[in-house]
Amino acid sequence: MDNYEKNYLSKRPENLCRMCGLCCRVATTTTPYKKLKEMAAAGDKGAIDFLSVFEPYPSIDAARNVSAETVDNVIKNLKEDGNYYEEDMTFYKCKYLGDDNLCQRYNNRLLLCKHFPASPWAIVPPGCGYEGWLFMKREETKQKIRKVKEELLELQLLKKKAFSPDIQLKISAVEKKMLNTIDIHKKHGSENW
Ligand code: SF4
Ligand code: SF4
């Protein structure tokens, strides 16, 4: 987990959940099921944890029968990001979710459960209590990156001046740090913000 994620999680309110149970009843991952099983067999803790609680639906339509809105929302978002490959898609239901939408192992739930939604870009079911807050966090992040881009331009102009090699090195180090900050969010489109 990087600093950005740690910072995000430390600020995430706990009281926005409406206990609809949909994130436990119709979940998915960007990693295909086959790959997840391979990763778990190779000892990957994240994959082992996920497969210890989530069981796959036999088909996308079986998950759609539980919540078509949730399935279609995931597919729509993945298509928009250019990441939708139907053959790789699996939806899952957690075996610890009770019919009352309560977690049957709440006090002993996994970190992946405690951290959900673990990023401002997490795809949450329609109507999830976190929707508005996630939108706000995404916008805040975009604003921060725009500010970094402005400062980067100023720095790059400054760099053209005839400073000593020592100062040039320091400027280059700051420039690298700024470029890294922009790069961290590349998968979410930071190049175009
Ligand atoms: S989908 Fe959102 S509101 Fe529903 S249980 Fe999950 S976190 Fe709570
Ligand atoms: S263990 Fe509990 S919190 Fe985690 S996915 Fe299952 S029902 Fe949800």
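Predicted model: local features only at pLDDT ≥ 70, side-chain atom pairs only at ≥ 80, totals over all residues.

Residues are numbered from 1 along each chain as its sequence is written, chains are lettered from A and ligands numbered from 1 in the order in which they are written, and side-chain values use heavy atoms, leaving out hydrogens and water.

**Ligand 1.** I looked up who sits around ligand 1 (a heavy atom within 4 Å of it): Cys17, Arg18, Met19, Cys20, Gly21, Cys23, Pro125, Cys128, Gly129 and Tyr130. That shell splits into seven nonpolar, two polar and one charged. For the classes, Ala, Val, Leu, Ile, Met, Phe, Trp, Tyr, Cys and Pro count as nonpolar, Asp, Glu, Lys and Arg as charged, and the others, Gly among them, as polar.

**H3 and H4.** Helices here are DSSP runs (H or I, at least four residues), numbered from the N terminus. I found H3 (residues 33-41) packing on H4 (residues 45-53) at about 115°, axes 8 Å apart. Axes are lines fitted to C-alpha atoms over the stretch in contact, with angles from 0 to 180 degrees between N-to-C directions. In contact (heavy atoms within 4.5 Å), Tyr33, Leu36, Lys37, Met39 and Ala40 of H3 meet Ala47, Ile48, Phe50 and Leu51 of H4. I noted eight nonpolar, no polar and one charged there.

**H7 and H8.** The axes of H7 (residues 131-159) and H8 (residues 165-184) come within 10 Å and cross at roughly 155°. H7 and H8 are therefore roughly antiparallel (over 145 degrees).

Key
Helix = DSSP H or I, 4+ residues; strand = E, 2+ residues; numbered from the N terminus. Parallel < 35°, antiparallel > 145°, perpendicular 65-115°, else oblique.
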